[in-house]
Amino acid sequence: DITRFYRCRLASLLAEDLGVTQVMSALWASGELDDTLVIFTSDNGYMHGEHRLKFGKLVPYEESIRVPLLIRGPGFRGGKTVRDLVINADLAPTIVHATGAEPKREMDGMGLQGFAKRPGRLRGRELSIETNRYTGVRTERYKYVKHSAGRNRGFEELYDLDVDPFELQNVALDPAYADVRFALRSGLGRVRRCDAEQCLRAARLKMRLRLSRDRNGCARRPVRARVGGPDRSKVVSTRFFVNGRGVGKDRRRPLQRKLPYRKLKRKRVSKARVLATLLDGRRMTIDRGVRRCR
């Protein structure tokens, strides 16, 4: 029955493909295609036997909460894939930004034009998952869920998506994840209470460059990059890059790395980047420009 139902759903997508073709053809024929923002997404995923669930959609697992999102039009270059976390609350700000309209209400999401412009950037987001039966928070690495109704009331689930992408091992009671669970509980409180601008706050991290400059403002040897900011105590690992190439890692404080001077561009600005991973699984990239002297 599950297989038959799944195949019927796939077959129904043929009609959807036809509908999309008709809409896009009409936009092209009317000369409006280049000025039209097209957003293709869904309101939810659906279960087909995963987690022993024959059907349904109101569950916190990836098959239910992850949906397609494709955007084309002004502000979105073709052929780009963005891997940062986004949520349906981001769609309204995206449309507002594209049209130049002014919203009558404060919005909790972020316009996705900035994500498309810098697809490699990670903003360290923590996103809310909720129904009337549970609440949860999803970060790049972890998912934490607390049930609030029925016989599962008070039950907690925690999944390490890096090592368990299919969410088969609930580690909420694993002592090795005790600190992570505490951090995610705090994150759940933040995303449930946030409003408007508060929902857009990322981790408060900075990259500090320790160097000396000549009178022209270029950097002499050595150049060291270091993670700072009020939330630096929550960082558990860092990876450092110069112009997109990895140059080292650091898991020990003060979380710094000497940047290879030869990899910095002469007479041009190089991009130094640090990828910081926080205890709660958020991942955030921070960029700084630096130009070497010779």
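Colleague: Is Tyr-142 buried or exposed?

Modeller: Tyr-142 counts as buried because its relative accessibility is 5%; buried means under 20% relative accessible area, exposed over 50% and partly exposed in between, with a 1.4 Å probe and protein chains only. This is a predicted model, in which local features need pLDDT of at least 70 and side-chain atom pairs count only at pLDDT 80 or more, while totals for chains, interfaces and linings use all residues. Residues are numbered from 1 along each chain as its sequence is written, and side-chain values use heavy atoms, with hydrogens and water left out.

Colleague: And Tyr-177, buried or exposed?

Modeller: Tyr-177 counts as buried, at 17% relative accessibility.

Colleague: How many aromatic pairs are there?

Modeller: The structure holds three; rings of Phe, Tyr and Trp (its six-membered ring) pair if their centres lie within 6.5 Å, and planes under 30 degrees apart count as stacked, over 60 as edge-to-face and the rest as tilted. One of them joins Tyr-61 and Tyr-159, edge-to-face, with 6.3 Å centre to centre and 75 degrees between the planes.

Colleague: Where do Tyr-61 and Tyr-159 sit in the chain?

Modeller: Tyr-61 is in the loop between strand S1 (38–41) and helix H2 (62–65), and Tyr-159 is in strand S6, 98 residues apart. Helices (H or I, at least four residues) and strands (E, at least two) are DSSP runs, numbered from the N terminus. Both tyrosines, Tyr-61 and Tyr-159, are buried.

Colleague: What about Tyr-142 and Tyr-177 as a pair?

Modeller: Tyr-142 and Tyr-177 are also edge-to-face, with 6.3 Å centre to centre and 85 degrees between the planes. Tyr-142 lies in strand S5 and Tyr-177 in the loop between S6 and H5, so the pair ties together parts 35 residues apart in sequence.

Colleague: Turning to the sheet, what is the strand order?

Modeller: The order is S3-S4-S5-S6, in an open sheet with antiparallel pairing; two strands pair if DSSP finds at least two bridges between them.

Colleague: Which strands stand at the edges?

Modeller: Strands S3 (127–130) and S6 (156–160) do; each has a single partner strand, so one side of each is left without a neighbour in the sheet. S3 pairs with strand S4 (residues 134–138) over four bridges, and Leu-127 has Arg-138 in S4 as its bridge partner.

Colleague: One last topic: which residue lies over the face of Tyr-46?

Modeller: Arg-9 does, at 3.9 Å from the ring centre. A charge sits over a ring if NZ of Lys or CZ of Arg is within 6 Å of the ring centre and within 35 degrees of the ring normal.
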